[in-house]
Amino acid sequence: MKKVFKKVLWCVLFEIIFIPLLTILLVYYGPFTNIRDMIVTTAMTTMSHQYFATFFLSDEKINEILAKNRPTELAEEQNLGEIKIDSSNSTDDTEGIELVDVSSSTFNGYLLIVKDPSRVKLVTAPRLGTVGATTSQIVEAYDAVGGINAGGFADDALGTGGKPSGIIIEDGVLKTPDEANTSHSIVGFDSDNKMVVSYSMNYTKMKALNLRCAVSFGPIIIMNGQPTIRSGDGGWGIQPRTVIGQRKDGAVLMLVIDGRQANSLGATLKNVQDILLQYDCYNAFNLDGGASSTMVYNKKLVNKPSDIMGERYVPTAFIITKPNSDSTKE
């Protein structure tokens, strides 16, 4: 009887202690560096789960892993001359707009292709500075056809989304403090409806480029048709994603990936880059992801946001206006 008890005890201890310990050793210190890097990059892009990395690895090692996975900052200037926009105009709300399912075995993803870039605008929540709004509410407020969330915000994970991070230009008007002309990583559209991306641009340069709209976040994923992620996963792990891009013909690509769910784990920046390259994206920029990632189209919520409460309050959105609409707030 004692021998049986000892055998059972040993089996229990083996499963409870030794197997998890062996797994940790193999993942963090063994040959499975891809798995380790995925765990580290994912953990370090969350607000509350960084201990999955910091408990097992030194700050130096974590920074080394993040650095080798990050996108390459391209030295070349953006070549907007390659973008030749089709000037044909839409007459129907959904004309020239295509919704594509880009799901894989590990995530659910949705891509809106908007042929006419003049219909894409960056707009702000109706009570910006006080409280944000859901993407659905912003789309409804501007009587738009659809939209995706855009820039990030400074308040914490349980905040109202009313305090945007970085810079916002809406309809050519600066909506945030200039902050002594601080430089920002931005995406925007100029008066010719060409998408401008930059690693670091101040408001003076934005005005010189005649940007009709701009918002901060990043990183740049594709520039001049060239991918910026050359090795690793992009350094931001597996998360829900929102990205905006543009093709050479001017069509705007709006991509949202669901994550943090049993049937959709999320995507890496490399996954997102690969999808957009398949659709001939020429420039692409990462927007606020995580619980903020939301797509609305034709009065319906297309994706499933990761927050258990549903859509998160955000300060800004890229919307698709109706043809010949000024899309002012109602």
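This is a predicted model: local features need pLDDT of at least 70, side-chain atom pairs count only at pLDDT 80 or more; totals for chains, interfaces and linings use all residues.

I started with strand E14, residues 281-286, and found it mostly covered, with six of its six residues buried. Buried here means under 20% relative accessible area with a 1.4 Å probe, counting protein chains only. Strands are DSSP runs of E with at least two residues, helices are runs of H or I with at least four residues, and both are numbered from the N terminus.

Residues are numbered from 1 along each chain as its sequence is written, and side-chain values use heavy atoms, leaving out hydrogens and water.

Next I looked up the partners of E14. Strands pair if DSSP finds at least two bridges between them. E12 (residues 241-247) pairs with E14 in the antiparallel sense over five bridges, and I found Arg247 bridged to Cys281 of E14. E10 (residues 220-223) also runs antiparallel to E14, joined by two bridges; there, Ile222 has Ala284 as its partner.

Then I zoomed out. I get seven helices and 17 strands in the protein, and 49% of its 330 residues are buried.

Last entry: nonpolar cores, meaning sets of buried Ala, Val, Leu, Ile, Met, Phe, Trp, Tyr and Cys residues joined through side-chain atoms within 4.5 Å. The largest has 29 residues, and Val187, Ile244 and Phe318 have the most contacts inside it. A second, separate core has 20 residues, including Val100, Leu111, Val243 and Ile275.

Technical notes. Buried means under 20% relative accessible area, exposed over 50%, partly exposed in between (1.4 Å probe, protein chains only).
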